[in-house]
Each structure stands twice: as structure tokens, then as C-alpha cells.
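Dear colleague,

Please find below the structure that I am handing over to you, followed by an account of what was found in it. I would be grateful if you read the two side by side.

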Amino acid sequence: MNPLLAVDEAQARLLDGVAPLPSETVPFAAALGRILAADVVAKLTQPPFAASAMDGYAIRWADRAGPWRLTGESAAGRAFDGTVGPGDTVRILTGAPLPAGADTVVVQEDVARDAETVTLTGDGPPREGAHIRRAGLDFAAGQPVARAGDRVTPARIGVSAAAGRAALPVHRRPRVAILATGDELVPPGIAPGPSQIVSSNGVMLAALLGKYAEVIDGGIVADTREALAAAFSAHDVDVLVTIGGASVGDHDLVQPVLREMGATIDFWRIALRPGKPMLAGMLGATRVVGLPGNPVSAFVCATLFVVPLLRALGGDRDPLPRSVPVRLGVDLDANGPRRDYLRARLTEGVVAPASAQDSAMLRVLADSNVLIIREPFADAAKTGTMVECIVLDTISGVA
């Protein structure tokens with residue numbers, strides 16, 4: 001029997017040769033969180049004109065001592081169309097264009113106004129050009145405001161809009177089909193019969209993967225060669241995810257059916273707990289990942305392998321989950337020969353694993369917000385030791 005593959009090597013082999021999917025141009029509402037496929041080049045200059053950064057009065061620096069004669073007003077959207085001459089000033093509001101002839105703004109707190117006369121009462125402007133945002137201060141037309149490979153954030157959407165864009169070039173989202181296998185499964189909401197259980201893995205993984213891909217729920221597939229072959233060929237997707245049936249038991253038919261259909265299996269046993277019986281391969285142009293049937297194992301393997309694969313296909317240059325050092329709140333025993341991912345709760349900077357770590361216990365997973373990483377043969381760790389943790393993709397976040 002082949003030796004177990006280390007987690008790092010399995011991840012590297014899964015991602016080897018994965019190229020980002022082709023680009024498409026989508027409106028801002030569909031771009032958030034995706035990866036830019038090309039530079040975003042400004043069509044406009046921002047600001048498009050010299051503008052006041054404060055409410056005050058536009059003057060000539062040469063006349064900074066005042067007093068000044070008020071000759072008009074410049075407001076946002078309503079520029080003053082005259083020229084500021086010697087001894088003149090124009091009332092100016094934040095964001096308004098700087099009038100011709102003016103080169104400095106006096107803030108309104110530094111002056112007193114009596115009818116059409118404005119007198120300096122404070123320190124006045126500290127320098128020529130004070131309180132003015134010059135044209136192109138942020139960016140100029142023709143300059144990139146975001147780069148290929150950047151993730152689209154709310155701020156990048158904002159700068160792209162200011163630059164004259166209404167849509168963004170991003171890599172296409174992967175299409176992934178999820179198939180749950182097993183005669184014992186019934187859909188959620190259906191009362192299970194004798195020897196049956198509810199299929200919870202499919203909806204759980206669809207929720208996890210939906211952030212990174214277009215997910216197709218392939219439903220429950222019976223444990224027969226005919227049903228599996230039909231399901232495997234039914235979807236035109238980038239990634240096919242199967243749940244259960246990936247081991248070598250009498251009813252584990254995923255591997256043999258894939259091979260019969262011409263698939264190549266790269267690996268299927270990993271030095272990982274939970275989740276040792278996981279497979280990866282290719283069926284034509286479709287990448288196949290076979291997850292274990294135990295729900296916690298399926299979730300952990302999807303986090304470590306499927307999510308990075310989808311992120312890489314979507315153009316992410318750093319797709320693997322990152323770990324953060326966290327202080328242990330309890331003692332940990334020495335670890336065995338497989339890398340362990342302990343379900344745990346991180347609260348106020350201290351982490352403690354759940355007392356039960358069975359791979360079938362969804363309640364424990366649901367109450368966890370991190371995975372503590374324990375390397376193979378790691379020594380026992382005392383309370384207060386720093387350990388590496390992966391923060392789970394939860395709605396509630398980390399306290």
C-alpha cells in the first residue's frame with residue numbers, strides 16, 4: 001500500500017499546473033471579492049480640477065495679510081466663473097473648484113466677514129497652496145488604479161468608479177458540482193427511514209464553496225456504478241466534488257468508476273486527521289476531488305484542498321489557508337503520525353480545543369471558529385504555548 005502523502009505535498013500536487021480561468025468583464029455588484037484579470041486604467045483624472053479641501057476663502061498668496069473684497073462664491077457643482085484679482089477673495093466650499101487667479105485658501109475659522117469685506121483674524125494659511133487639492137492629486141487619466149492579481153475590495157470598486165469605470169475585468173468564477181454518494185442518505189427536510197441519515201454534507205459544502213465558485217448541487221447519487229457514471233458525466237464543470245465512497249470498502253465505488261471512465265487519480269491517502277481517505281485526480285478537463293463521507297472530515301478537507309483549488313482557478317496567487325499564532329488555554333497531548341486539525345474555540349486571544357474530536361460530530365464543528373494545527377509527532381504542549389491556527393470561514397467570526 002502506498003504511504004500516506006503529507007498535507008503540504010498533497011496541496012502542492014493538487015495546485016500544480018492550475019492556471020486562472022479566462023477573464024470576463026462584470027459590473028461592480030458581481031466583482032466584489034474576485035481577482036482582477038487585468039490592470040484597471042483610469043479614464044479620468046481625480047480630482048479633475050484644483051479643489052478646496054476646506055470651507056473658507058480663496059485668495060492670492062501675495063495678498064495673504066488681507067483684508068479682502070468678497071466678489072463671489074465657488075461651491076461644489078457651481079464654480080465661480082470670474083477671476084480673483086489683487087485684494088479679492090471668493091467664498092469657497094469644500095470640493096469646489098479653485099477660481100482662476102487664486103492659489104491659496106484661508107479657512108473660515110481664521111477670518112471675520114462684514115458685508116463684502118473679509119478680515120484676517122487668525123494665523124492665516126501656513127503656505128502658498130494651503131488647503132488645496134491639486135488636479136490629479138489622487139490619480140491621472142492613463143494611470144492604473146488597480147493591478148491584475150489584486151482582489152476586488154469595496155475601496156477598489158470606489159476608486160475604479162472615480163476613474164470612470166462601470167465594470168471590472170476579473171477571472172471567471174469556477175463552476176463546481178457537489179455530489180453526495182450513498183444509499184443511506186436522504187435530502188434535508190425528509191425524515192430518514194431505518195438505516196438512513198440526512199445528507200448534511202452537500203448543503204454545508206455548498207455554503208462553504210459558494211463564496212469562491214458557482215455551485216451546482218448534484219444531489220444524492222446511489223451506490224451503483226451506473227448511477228455514479230451518469231452523475232459524473234452529467235455536469236460541465238471545472239471541479240467535481242464527491243462526498244463519500246472514496247475509500248476502498250466494498251461499497252466505495254467512486255475510485256473504480258472514475259478509473260473506468262478514464263480518469264487519472266493522482267493521490268487518495270493523506271497523512272491527515274480528520275480526512276485521510278481523500279482523492280484527487282482528473283476526469284478529462286475536470287478536476288476531481290473526492291472527500292470523505294464523515295462530515296467534519298469533509299469540511300476540513302474542503303477547507304484545506306477544495307477552497308484553495310477554487311481560489312487558484314479564480315486567479316488568487318496565494319490560495320492556501322493562512323495560519324496565525326494563538327496562545328493555548330489548555331495542555332495538549334503529543335500528536336501521532338498524521339497532521340491533526342483540532343476543532344477549537346478562540347476567545348479573547350486564547351484557544352482551547354473541543355473535548356470531543358470525533359469526525360462525525362457536526363455540533364462540535366459548528367461551535368468551533370478555528371482549527372489548531374498539530375504537526376506529526378508534535379511534542380505535548382503546555383498551557384500558554386503558542387500554536388498555529390486556521391481561522392474558519394464563519395459568519396460569527398472570532399472573538
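Asp266 and Arg13 form a salt bridge through their side chains, with an N to O distance of 2.7 Å. Asp266 belongs to strand S18 (residues 264–267) and Arg13 to helix H1 (residues 7–15), so this contact ties together parts that are 253 residues apart in sequence. Asp266 is partly exposed, because its relative accessibility is 37%. Arg13 is also partly exposed, at 31% relative accessibility. Please bear in mind throughout that the model is a predicted one.

A second salt bridge is formed by Asp238 and Arg172, whose closest N and O atoms are 3.0 Å apart. Both residues are in loops: Asp238 in the one between helix H5 (225–232) and strand S17 (239–243), and Arg172 in the one between strand S12 (167–171) and strand S13 (175–181), so the pair ties together parts 66 residues apart in sequence. Arg172, with a relative accessible area of 25%, is partly exposed.

Arg225 is in helix H5 and Glu260 in helix H6 (residues 254–260), and the pair links distant parts of the chain, 35 residues apart. Arg225 counts as partly exposed at 37% relative accessibility, whereas Glu260, at 53%, counts as exposed.

Salt bridges with shared partners also join Asp8, Arg339 and Glu375 into one network. How many salt bridges are found in the whole structure? The search finds 18, among them the bridge between Asp266 and Arg13.

**Charges and aromatic rings**

Two arginines lie over the face of an aromatic ring. Arg91 is placed over the face of Tyr57, at 5.2 Å from the ring centre. Arg269 is placed over the face of Trp268, at 5.6 Å from the ring centre. As for pairs of aromatic rings, the count is zero; the rule behind that count asks for ring centres within 6.5 Å.

The crossing of H1 and H7 is right-handed.

H7 also packs with helix H4 (residues 201–209): the axes of H4 and H7 come within 10 Å and cross at roughly 30 degrees. H4 and H7 are therefore roughly parallel to each other as well, and the crossing of H4 and H7 is right-handed.

**Backbone features in loops**

Where are the cis peptide bonds? One joins Gly66 and Pro67, with omega at about -10 degrees. Pro67 is in the loop between strand S4 (56–59) and strand S5 (68–74). Another joins Arg273 and Pro274, with omega at about 0 degrees. Pro274 is in the loop between strand S19 (272–273) and strand S20 (279–283).

Positive phi values occur at residues that are not glycine, including His131 and Ser195. His131 has a phi of about 65 degrees and sits in the loop between strand S9 (117–120) and strand S10 (132–133). With a relative accessible area of 25%, His131 is partly exposed. Ser195 has a phi of about 70 degrees and sits in the loop between strand S14 (185–186) and strand S15 (197–198). Ser195 counts as exposed, because its relative accessibility is 75% and the cut-off for exposed is over 50%.

With kind regards

How values were computed: Residues numbered from 1 in each chain as written. Predicted model: local features only at pLDDT ≥ 70, side-chain atom pairs only at ≥ 80, totals over all residues. Heavy atoms only, no water. Phe/Tyr/Trp six-rings, centres within 6.5 Å; stacked < 30°, edge-to-face > 60°. Lys NZ or Arg CZ within 6 Å of the ring centre and 35° of its normal. Salt bridge = Lys/Arg side-chain N within 4 Å of Asp/Glu carboxyl O. Helix = DSSP H or I, 4+ residues; strand = E, 2+ residues; numbered from the N terminus. Buried < 20%, exposed > 50% of the residue type's maximum accessible area, 1.4 Å probe, protein only. Left-handed = near helix turned anticlockwise from the far one by under 90°. Axes fitted to C-alpha atoms, helices over the stretch in contact; angles between N-to-C directions. Parallel < 35°, antiparallel > 145°, perpendicular 65-115°, else oblique.
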